[in-house]
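Visitor: Please give me a close look at one part of what is shown here, with the cut-offs of each term stated. I would then like that part set within the remainder.

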Amino acid sequence: MLWVVTVPINASAEYFEAEKRYLEAKNREEKIAALEEMIRKSPKHKGAHNLLADLKKRLSKLKTENKSKASSKPRFSIRKEGAAQICIIGLTNSGKSTLLNALTNAHVEVGDYEYTTKEPRVGMMLYDDMQFQLIEIPSSFDSESVGLIHSCDLILVLLDSTRNIDKQKKELMKFLEYNRLDSKRLIFVKNKSKVCGLDQSIVCIDAQSKIGMKELKEKIWNTLNLIKIYAKSPNKPKAIPALALKRNSTVSDLAKEIHKDFLETFKFARIFNSTKFSGKKVGLDYKLHDNDIVEIHTE
Ligand SMILES: Nc1nc2c(ncn2[C@@H]2O[C@H](COP(=O)(O)OP(=O)(O)OP(=O)(O)O)[C@@H](O)[C@H]2O)c(=O)[nH]1
Ligand SMILES: [Mg+2]
């Protein structure tokens, strides 16, 4: 598995940049170029010997792979949809598919044997008039999956309460750190757990019996730290699904999110909310608030 390679001590910034390019590479050529750079920039001291050997092995494997097969399209590509993209990672059998099925419209195979899910699986979760894209990352953690996790807005780290929690946490954190993913927003979730302890840093659920789903959805929304905005056309009801924008977004950000042409034909917007200024006429630089309904008027 990818993350068992020890992170080199004293590796240079150039090494990490090359490694990032390697992890995000879309094809074989990009991968080879990045690996060659990693080898050039890798520390040469004795402690980095294993790393260097591993990099060279990976490079030679890539170079000898059947070219036509390797240069074909990635095995999967997932278009970002909804208010945010959320990845579910965990060791095999922790209940990732069960959770995906419980939270979304997906019907993914669940199995009591290891590595049932071999490719990323996607489902859309509804929460408070918004839609979120959830992706189950296969526990084989291949490099294509790592690329996918990089594009996610949030990672659910699923732990199986029937196994040693600290050990799982350690192994998963090692993987995240190795792939420079530990700075992402993370939520630790303990599955198969009908009875919860007092540990507030872990969300406790039982995906199979759908216990804790409401709390988990709330935690996801709060951790994303976004605002919910309803767009609306004049004389029409507010549009659902609602959109989620970064805090401090403006009407201009919303217009761009809806359609790039909106900005050119924009005249003014009216904001409907719970304040006494509801219905107020505003311009593109108006700062939006959570739950605002924005009626956009165009030429
Ligand atoms: N008791 C209990 N069992 C669960 C729960 N969630 C999953 N399981 C069981 O755990 C096993 C693995 O579930 P999956 O959802 O396939 O796990 P996974 O992480 O997707 O596994 P792989 O795709 O094989 O890596 C199955 O037998 C599930 O029925 C839960 O909340 N409670
Ligand atoms: Mg699965």
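Guide: Ligand 1 is surrounded by 22 residues, of which T92, K96, T98, T116 and T117 are the closest; a residue counts as near a molecule or strand if one of its heavy atoms lies within 4 Å of it. This is a predicted model, in which local features need pLDDT of at least 70 and side-chain atom pairs count only at pLDDT 80 or more, while totals for chains, interfaces and linings use all residues. Residues are numbered from 1 along each chain as its sequence is written, chains are lettered from A and ligands numbered from 1 in the order in which they are written, and side-chain values use heavy atoms, with hydrogens and water left out.

T116 places a backbone N or O atom 2.7 Å from an oxygen atom of ligand 1. For G111, a backbone N or O atom is found 3.1 Å from an oxygen atom of ligand 1. T117 uses its side chain instead, a polar atom of which lies 2.9 Å from an oxygen atom of ligand 1.

T117 also takes part in the metal site. Its OG1 atom coordinates the magnesium ion (ligand 2), together with S97 (OG) and E136 (OE), at 2.0 to 2.2 Å. Donors are N, O and S atoms within 2.8 Å of the metal (3.2 Å for Na, K and Ca), and sites may look incomplete, since water is not among the atoms. Along the chain, the donors of the magnesium ion are spaced as S-x19-T-x18-E. S97 belongs to helix 5 (residues 96–103) and E136 to strand 3 (residues 130–136), so the pair ties together parts that are 39 residues apart in sequence. Helices (H or I, at least four residues) and strands (E, at least two) are DSSP runs, numbered from the N terminus. S97 and E136 are both buried, that is, under 20% relative accessible area, where exposed means over 50% and partly exposed in between (1.4 Å probe, protein chains only).

Y115 occupies the loop between helix 5 and strand 2 (121–127) and is partly exposed, at 30% relative accessibility. Y115 and V251 are 136 residues apart in sequence, and their C-alpha atoms are 46 Å apart in space.

N225, in the loop between helix 8 (213–224) and strand 7, has a positive phi of about 60° although it is not a glycine; N225 is partly exposed, with a relative accessible area of 37%. In the loop between strand 7 and strand 8 lies P241, and the peptide bond from I240 to P241 is cis, with omega near 10°. F141, a residue other than glycine, has a positive phi near 50°. F141 sits in the loop between strand 3 and helix 6 (143–151) and is buried, at 1% relative accessibility.

The whole structure holds 14 salt bridges, each a side-chain nitrogen of Lys or Arg within 4 Å of a carboxyl oxygen of Asp or Glu. One of them joins K63 to E36 at 2.9 Å, N to O, linking helix 3 (residues 49–64) with helix 2 (residues 28–41) across 27 residues. In another, the closest N and O atoms of R40 and E37 are 2.7 Å apart. R40 and E37 lie three residues apart in helix 2, and about one helical turn separates them. R40 is exposed, with a relative accessible area of 55%, whereas E37 is buried at 17%. D160, R163 and K192 are connected in a network of salt bridges.

The setting for these parts is a chain of 10 helices and 11 strands, with 47% of its 299 residues buried. Its C-alpha atoms fill a box of roughly 70 × 50 × 35 Å along the principal axes.

Notes
Polar contact = N/O pair within 3.5 Å; in protein donor to acceptor, adjacent residues only side chain to side chain.
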